[in-house]
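Reader: I have just opened this one and would like a walk through it. Could you take me around?

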Amino acid sequence: MSELLRLNVSQVLEGIRKKEFSAVELTRCYLDRIEKTKVLNMYLEVSADRAIKMAQIADEKYKNNTARLLEGIPIGVKDMFCTESIKTTASSKILENFVPTYESTVSKKLWEEGAINLGKLSCDEFAMGSSNETAAKGNVINPWRSEEKRSPGGSSGGSAAAVASKSALCAIGTDTGGSIRQPAAFCGIVGMKPTYGRCSRWGIIAFASSLDQAGPLTRNISDSATMLKVMAGHDPKDSTSSLENVPNFNDFLDKGVKGLKIGIPKEYDRKGISEEILKSKEKVIDFFKQNGAEIVNVSLPLTKYALSVYYIVAPAEASSNLARYDGVRYGLRVDGDSLDIMYEKTRGVGFGDEVKRRIMIGTYVLSSGYYDAYYLKAQKVRRLIKNEFDEVFKKVNYILTPTTPTTSFKLGSTQDLLTMYLNDVFTVPASLAGIPGISVPVDLDKNGLPIGVQILGKPFDEGGIFQVGKVIEDSANFDLFSEGSYK
Amino acid sequence: MNNENKINSSSLAKLARLARLEINKDSEDNLIKDLNEIIGFIDQLNEVNTDNVHPLSSVTGHELPLRKDEVIDGDINEKILENAPEQISGYFVVPKVVE
């Protein structure tokens, strides 16, 4: 592996500035690496020519001393972000030939700061899944112990695997119920889901609009902070995007946890969770204590209902958002004798099984006679869950939980639907409450697979989450290049 | 309530019609089983007392802002139509609709 692939964001920016290498050289290294890691099936589209052109511009900027915040940083983009004139499919057959005429706000902000677009990364179809197994173009393989063919997690599985296999320096993903944090944990990298409203949703293919948030997947906390600074901010094109000031998140990293109160919710110690993951959580509690934080036991009794709320709210919103795929304006069309038959055939052929299940559940909970019993009920419990977090955050500054109940499983090994849904049991509550969360890698388990823990914080306190995450990172010393990672 | 199957062959057909989804005959039984399993699971919300709780539809807490209704981009009809499965003279084409 080229030494350039070992560098993190700040090292790359410094290296190009000091003329140790150029943005074009670095980009070529990543494009070569993408060829070598092809077997992991992460990239749906590699935009090599465009990437080289962007890198040439980056080198010009360095020459003129006008380099921007991410000048020359090679980035992979989850296929949920619309990219102008680059095919964008949401890993679905129904969008297999869709070429957007516009660029999503978040990706546009990255390119405007000099980042290099390497291409589009696989995900679960319409971001619905926790294993990347619902992608139309096949499974992505977790770079760790890749010979064992394990899941990278989902839905941002391609994004997490690309960063973990050094086939992108950073990647962007979307998180609706854990789709950034869970794959980050499975792949041994850092995954940040910002506060709902922190990043614009404009140009992101909609799944569940009241939950969807974009965020960075990176090798470390500092890279994550640098990326989020660029991605975040108000956008008039997304009425739910926040006017909140976007601080320089890197300023938080050296503040430590001394005097902070970290809450440990007892409800996250559920049965079925791996002993080793619980041990890693205990280890992190020790890190916090050694660094002067106060550990506080807290309770979030409604946690056990979060998944049920999620599996009403998310499919309901999805069934409505996905109504637009009708074979008329873009995407696949399967002909039929009437307009309705054309719609039905197009959608029947174009959507995969998981997407169909969710559209059906969404249609069910929104249909007349069931709306109050399911959808309205779920929205009420959602409020109670949010209130519960608000109360706990009056007592503590941050919350520590495991990110996932297990480490990565073998592809094809989870046949039971509800077992699959349980992957998101620790990440969904924060999504419902709209609060920010991060997964930070801590350990490898006895099978050599990464374990992550999750830090949750108050709305718009991503800076503080990075600050706490940095203490975990510095103490755990997790090595993304260690034995078992993709060589 | 949990043990009672809420979805059967005829309610599945009705839902599929509402969702404009053609369901393969072969996959019907599996889909019915899956949907009943999910509905059985989400039914656990009945245990939670939600009397006098106001439903939460957005976590932002801010009022949706208003803006002027004005054209800020456009004139890309042709580019947009390139994505259409079928188009004639600047229009999207759909199967004939006869009432």
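Predicted model: local features only at pLDDT ≥ 70, side-chain atom pairs only at ≥ 80, totals over all residues.

Reader: Which way do strand 2 and strand 3 of chain A run, and how many bridges join them?

Author: Strand 2 (residues 74-78) and strand 3 (residues 116-121) of chain A run parallel and are joined by five bridges. To give one pair that you can look up, Pro74(A) has Ile116(A) of strand 3 of chain A as its bridge partner.

Reader: Moving to helix pairs, how do helix 7 and helix 15 of chain A cross?

Author: The axes of helix 7 (residues 221-231) and helix 15 (residues 462-476) of chain A come within 9 Å and cross at roughly 165°. Since angles over 145 degrees count as roughly antiparallel, helix 7 of chain A is therefore roughly antiparallel to helix 15 of chain A. The crossing of these two helices is right-handed.

Reader: Which residues meet there?

Author: From helix 7 of chain A come Ile221(A), Ser224(A), Ala225(A) and Leu228(A), and they meet Glu462(A), Phe466(A), Gly469(A), Lys470(A) and Glu473(A) in helix 15 of chain A. By class, the residues of this contact are four nonpolar, two polar and three charged.

Reader: Now chain B, please. What elements are there in it?

Author: Chain B has three helices and two strands, and from the N terminus on they run α-α-α-β-β. The radius of gyration of chain B is 23 Å, whereas a compact globule of 99 residues would have one near 13 Å. Along its principal axes, the C-alpha trace of chain B spans about 55 × 45 × 25 Å.

Reader: How many residues of the two chains are in contact?

Author: In chain A, 55 residues are in contact with 40 residues of chain B. The elements of chain A that give two or more residues to this side are helix 9 (306-321), helix 10 (339-350), helix 11, helix 12 (371-395) and helix 13 (417-421). Helix 12 of chain A gives the largest share, 11 residues. By class, that side of chain A has 25 nonpolar, 16 polar and 14 charged residues.

Reader: What about helix 11 of chain A and helix 2 of chain B, how do they cross?

Author: The axes of helix 11 (residues 353-366) of chain A and helix 2 (residues 28-42) of chain B come within 11 Å and cross at roughly 55°, and the two helices are therefore oblique to each other. Their crossing is right-handed. The contact is made by Arg357(A), Met360(A) and Ile361(A) of helix 11 of chain A with Leu31(B), Asp34(B), Leu35(B) and Ile38(B) of helix 2 of chain B. Among the residues of this contact, five are nonpolar, none is polar and two are charged.

Methods: Residues numbered from 1 in each chain as written. Chains lettered and ligands numbered in written order. Axes fitted to C-alpha atoms, helices over the stretch in contact; angles between N-to-C directions. Helix = DSSP H or I, 4+ residues; strand = E, 2+ residues; numbered from the N terminus. Parallel < 35°, antiparallel > 145°, perpendicular 65-115°, else oblique. Left-handed = near helix turned anticlockwise from the far one by under 90°. Contact = placed C-beta atoms within 7 Å. Nonpolar A, V, L, I, M, F, W, Y, C, P; charged D, E, K, R; others polar. Pairing = 2+ DSSP bridges. Rg over C-alpha atoms; globule rule 2.2 N^0.38 Å.
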